Amino acid sequence: MESVREWTVKVVPKNHQDLPHCSRVHDSPGVIFSLAGFCGNVFHSFSDVLIPLFATARPFNRQVKLLITDYRKWFIYKFIPILQALSRLIQSLAILVLRYEMVDIDDVQEDGKNIHCFSRLTLGLKGRQSNELSINTSESEFTIIDFKKFLRSAYSLRKTTAIKLQDGGKKKLAPVLLIVTRRRTRALSNVEEVERMAVQLGFKVTIAEIDANVSKSAEVINSCDVVLGVHGAALTNMVFLPENAVQIQVVPFDTDWIAKNAYGDPTKDMGVRYLEYKIGIEESSLSKKYPPDHAVLTNPKLFVMKDHTTEFAEC
């Protein structure tokens with residue numbers, strides 16, 4: 001949080017001598033929010049910024065100016081469909097236009113030469129409830145289901161409801177199972193075996209690694225009925241799943257709480273069914289590298305505390 005710029009609210013009576021002259025008067029309300037913190041990670045981009053921004057800005061029905069502190073150009077490009085759907089004032093991908101319409105509020109000079117004036121301003125975003133990837137419905141008229149519908153519209157996603165296997169294995173269409181792969185840490189070592197079993201059960205299987213292209217990822221995830229993947233930020237893309245889809249999280253050993261908190265509990269309000277498979281010590285590749293009494297296997301939290309995260313991440 002030390003990377004988040006602090007702002008001071010100063011109360012000044014109308015027509016007071018300390019009230020600066022406006023260099024630009026906006027006819028739309030404004031919302032100030034930060035792009036610092038952990039939002040470089042897709043999980044935190046959604047949980048800390050995009051979902052709270054939706055809950056805060058959506059009531060204005062796109063008639064709102066987005067004021068960004070701790071401006072990050074890459075964030076604008078990465079999530080432009082969402083930002084365009086929240087504010088009609090964004091008309092172009094050209095960064096000069098974006099910086100003009102989505103005000104880089106840190107660029108406002110303190111010498112009074114660049115003062116933006118609003119009749120209504122919201123400082124900060126509405127918080128979530130206890131679950132990650134959620135909306136506090138006591139503070140917002142919208143729910144996380146509304147956010148998912150909003151995303152389908154913003155990214156022009158077609159699939160609204162998942163299909164399922166029929167009783168007795170009889171089916172009209174084969175449900176699509178996506179196996180999310182990882183190249184480095186926490187990778188499934190038997191993807192082909194899992195694929196064969198899924199095909200035998202009647203699934204059409206797709207294997208893919210989720211990359212930084214959000215529009216592409218949204219399309220892939222939305223086309224699926226079931227997503228299976230090892231615990232990691234890529235599972236955040238469950239926000240693009242159709243209703244009644246299933247998310248299966250493979251939980252590395254000794255990560256039960258964080259896995260459930262990040263990608264298990266949030267599914268309850270998303271209209272997504274959740275299953276998990278917990279990896280036992282004997283199923284981990286670490287069991288082949290270390291003896292049974294090694295601290296990596298008996299007390300992995302110790303290694304996290306010592307920042308031996310590379311070894312721990314293999315589990």
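Helices (H or I, at least four residues) and strands (E, at least two) are DSSP runs, numbered here from the N terminus. The model is predicted, so local features need pLDDT of at least 70 and side-chain atom pairs count only at pLDDT 80 or more, while totals for chains, interfaces and linings use all residues. Residues are numbered from 1 along each chain as its sequence is written, and side-chain values use heavy atoms, leaving out hydrogens and water.

**Exercise 1.** Let's start with the inventory: how many helices and strands are in the chain?

*Solution.* Counting the runs gives 11 helices and 11 strands.

**Exercise 2.** Find how β7 and β8 are joined, and the handedness of their crossover.

*Solution.* Step one: strands pair if DSSP finds at least two bridges between them. Strand β7 (residues 176–180) and strand β8 (residues 204–208) run parallel and are joined by five bridges. Step two: Ile179 has Ile207 in β8 as its bridge partner. Step three: from β7 the chain passes through helix α6 (residues 191–200) to β8, and this β-α-β crossover is right-handed (clockwise from the first strand over the helix to the second, with the strands pointing away from the viewer).

**Exercise 3.** Which residues touch the most other members of the largest nonpolar core?

*Solution.* A nonpolar core is a set of buried (under 20% relative accessible area, 1.4 Å probe, protein chains only) Ala, Val, Leu, Ile, Met, Phe, Trp, Tyr and Cys residues joined through side-chain atoms within 4.5 Å. Among the 56 residues of the largest one, the answer is Phe46, Ile82, Phe147, Leu151, Tyr155 and Phe240. Helix α1 (residues 42–57) supplies the largest share of this core, 10 residues. A second, separate core of 13 residues includes Ile179, Val191, Val205 and Val226.

Technical notes. Buried means under 20% relative accessible area, exposed over 50%, partly exposed in between (1.4 Å probe, protein chains only).
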